[in-house]
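I kept them in the order in which I looked things up.

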Amino acid sequence: MRLALTWWGCLWLALAVAGCGATPPPPGVSLVLAGGSGPEEAFAQEQLREFHRLHPDIRVTYQATPSSASERHTLYVTWLSSQAPDIDVLNLDVIWVPEFAAAGWLVPLDRQAAAAGISLDDFLPAGLACSLYQGKLYALPWFVDAGLLYYRRDIYAAAGAPLPHTFADLLRVRSLKEKFGLPYGFLFQGQTYEGLVCVALEFIWSNGGRVFDDSGRLVLDQPRNLEALKTMVNLIYRDRVSPLAVATFQEEDCRHAFEQGYAVLMRNWPYAYPLLSQPASRVQGKFGVLPLVHGPDGQPTSCFGGGCLGINTFSRHPAAAWTLVRFLMSRKNLKRRAKALGMLPPLASLYDDPDLQAQFPYLQRLKNVFSQARPRPITPLYSFISDILQVHFSRALTRQETPQEALQKSQTEIAGVLQRFGRAGAP
Amino acid sequence: MKRAVLLSREARWGYLLLAPALLVIALVALYPLGYTLWLSFQQKIIKLPGLKPGWVGLAHYRELLTGARFWLALVNTVMFTVISVGLELLLGLLAALAIHRARILTGLTRAAVLLPWAIPTVLAAVMWLFLVNPAFGLIPMGLRFLGVSESSQVLLAHPLSAWAVIIATDVWKNTPFMTLMLLAGLQVIPTDLYEAAAMDGASRWQAFRRITLPLLVPATLVALIFRTAQAFMVFGQIYTLTGGGPGNATETLAFLNYQAILNDMRFGYGAALSVLIFLGSLAFALLYLATMGSQLKEGGRS
């Protein structure tokens, strides 16, 4: 009995204290910004402190979301499909913009951008292309990514060999690998996942191939694409430049192996550069980056990736959300973000910035690669298409089907998806 | 007559007392099942709200049953279930018999045997991922030592060896569960039965065949039903080790279901697949009850 009374006493006391302590909500509006976790979150918090000083009437809370792209996608779709107003500004992967725009989940930004005097011409063209859906602007590119060819400068210098530029050069790397006793020649991402689609599309595009032609017709099953896919398979089985292990590799597997000095060449994103340059890396100062290799019918074309900022249609404070987007998109903040996180800015002019060039000596080369990079098919049905490509490209790499079969089956299956869901938005 | 009235009154009371439990079962088991069935006839893709949701009849079932991916996943799932649960039963029985007879360090052995089971599936799979890593894994290193070709050392790049790794992970992790269940079964067998058998001049093999095995049936049945239902839903190992690859060679029904619902957000299609998975699990459960259940009843009667 006494115990029970004491309990009640504590509870009431706690409630009373909580009541006294509760401050009235601050005046103005509160926003939520959703983005990555870890270093990205820490840096965002730092930027938000400054934002609060500049805009005392707007309070922004940072909502960290999973780093895995597919998990973050699931989370966003769950929020947005239930029309949740809780998240105001979203950090989106470039491949989600058409899907979310077609669903009506993103605020069109054309008018605001024009009113704010934001020049769209300065954005890297691929980044802008990813942010547009049916001619309207639904997001602003925030950082950009594209496939690069990492090479061992020391090995090429010692061998006096010319740098690789074409598929044929790549297929000859075996002799170099054997001469220097390295286990692997060329590493790329070949597991059944989105990364494989990026790599395969790079081989296809760099050979002048396409998935959709300019009129939006599906043209996957064509000779140039076949040649590209055959090259990938030959790298493993015929010319033994790449180990079969690449069929199980993602970005980090490649990066670790290259960092250990196991490979002559590696296809990877720019994120690997600062990591490979750390003192713990065995290739520190011994490597460089090149544009991707290309086939007889094409030019080096990297797969474009990266992130955008978009505003939730169901946000209660779209105007304040736009203020936040403009703040994050300012040249100064884009530059600071690049310096802090190595996430490269979407504005072409920033690549000529001496300060950034000092930190990233390879920036000029990146600018060239980025300006030639191409986005993956821009359609709300992209994830269905990617799922089909992942399976068949992987089957071709592991010789469960021929490159010819892989392209034919993908073509048939993708045509089926377009026919079934085409009404929801064809490319 | 009076007896019948009494019985019916008792029965009425019985049902009344059961009602809350039945209500809970209906709410947590039957309602979701019914909803899933209803959803499987609907078009509902939450990331394509432009697509009008609505009744599509059996279209999802038709799409599943005419697609090669479903059938491969079904064959994979059944094959995985039969092989891994079979191996776990065999190894679990051997381990249980050994532990049951152990006289020293019994607590320590039991704890040691249980360890893999206490590790979350994904962590166990990540450990195996390291073991089979082509660059530094212990298993490819051993294969290299044996002179196996370089490409065959990449276990996860070939459908058959990828399955071997997935099954090994499952057997490693789940044999302890089997062992534990069978050990419990062994411990309730009265020792006087063995004493009587020894008196009658039965050999140890005869005692094992005629006493241990039949009396283990109830424990085995429970363990098998648990493990089969779990194995039929195998997901964590696949997700972590292969992602369904190479290609779609290691896709199982639960993995396809994850793809359909969480990746593609096709709720109606995913629901149709869930219904088929439910029917598959049900078939396994009925099979066990039909074969071992009769034995169970006889065992109880004799």
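Which hand does the crossing of H3(B) and H7(B) have? I found the crossing of H3(B) and H7(B) to be right-handed; a crossing is left-handed if the near helix is turned anticlockwise from the far one by less than a right angle, and right-handed if clockwise.

Before going on, I noted that this is a predicted model, in which local features need pLDDT of at least 70, side-chain atom pairs count only at pLDDT 80 or more, and totals for chains, interfaces and linings use all residues. Residues are numbered from 1 along each chain as its sequence is written, while chains are lettered from A and ligands numbered from 1 in the order in which they are written.

**Entry: helices of chain B**

I took helices (H or I, at least four residues) and strands (E, at least two) as DSSP runs, numbered from the N terminus. H3(B) covers residues 68-101 and H7(B) covers residues 159-187. I read an angle of about 45 degrees for this pair, with the axes 7 Å apart. Axes here are lines fitted to C-alpha atoms, for helices over the stretch in contact, and angles run from 0 to 180 degrees between N-to-C directions. H3(B) and H7(B) are therefore oblique to each other; angles under 35 degrees count as roughly parallel, over 145 as roughly antiparallel, 65 to 115 as roughly perpendicular and the rest as oblique.

I sorted the residues of the contact of H3(B) with H7(B) by class and got 15 nonpolar, six polar and two charged. In this sorting Ala, Val, Leu, Ile, Met, Phe, Trp, Tyr, Cys and Pro count as nonpolar, Asp, Glu, Lys and Arg as charged, and the others, Gly among them, as polar.

I then looked at H5(B), residues 121-131, against H7(B): their axes come within 10 Å and cross at roughly 130 degrees. That makes H5(B) oblique to H7(B). The crossing of H5(B) and H7(B) is right-handed. From H5(B) the contact uses Thr121(B), Ala124(B), Ala125(B) and Trp128(B), and from H7(B) it uses Val165(B), Thr169(B) and Lys173(B). Two residues are in contact if their C-beta atoms, placed from the backbone, lie within 7 Å. By class, I have four nonpolar, two polar and one charged residues for the contact of H5(B) with H7(B).

**Entry: a helix pair in chain A**

I found H11(A), residues 223-236, packed on H19(A), residues 403-421, at an angle of about 130 degrees, with the axes 9 Å apart. H11(A) and H19(A) are therefore oblique to each other, and their crossing is right-handed. On H11(A) the contact residues are Asn225(A), Leu226(A), Leu229(A), Lys230(A) and Val233(A); on H19(A) they are Pro403(A), Gln404(A), Ala406(A) and Leu407(A). The contact of H11(A) with H19(A) has six nonpolar, two polar and one charged residues.

**Entry: core and a buried strand residue**

How many residues does the largest nonpolar core have? I noted 174, and Leu324(A) is among those with the most contacts inside it. A nonpolar core is a set of buried Ala, Val, Leu, Ile, Met, Phe, Trp, Tyr and Cys residues joined through C-beta atoms within 7 Å. Not counting residues up to four places away in sequence, Leu324(A) touches Leu31(A), Leu33(A), Phe51(A), Val60(A) and Val89(A).

Leu148(A) is in strand S7(A), residues 148-152. I count Leu148(A) as buried because 24 C-beta neighbours are inside 10 Å; a residue is buried if 20 or more other C-beta atoms lie within 10 Å of its own, exposed if 12 or fewer, and partly exposed in between, with C-beta atoms placed from the backbone. Leaving aside neighbours within four places in sequence, Leu148(A) is in contact with Asn268(A), Pro270(A), Val289(A) and Val369(A).

**Entry: where the chains meet**

I counted 31 residues from chain A and 26 residues from chain B in the contact. On the side of chain A that touches chain B, the largest share, six residues, comes from H18(A). That side divides into 15 nonpolar, twelve polar and four charged residues.

Most residues other than glycine have a negative phi, and most peptide bonds are trans. I noted a phi near 50 degrees for Arg240(A) and near 55 degrees for Arg399(A). Arg399(A) sits in the loop between H18 and H19 of chain A. A cis peptide bond joins Gly245(B) and Pro246(B), with omega about 0 degrees.
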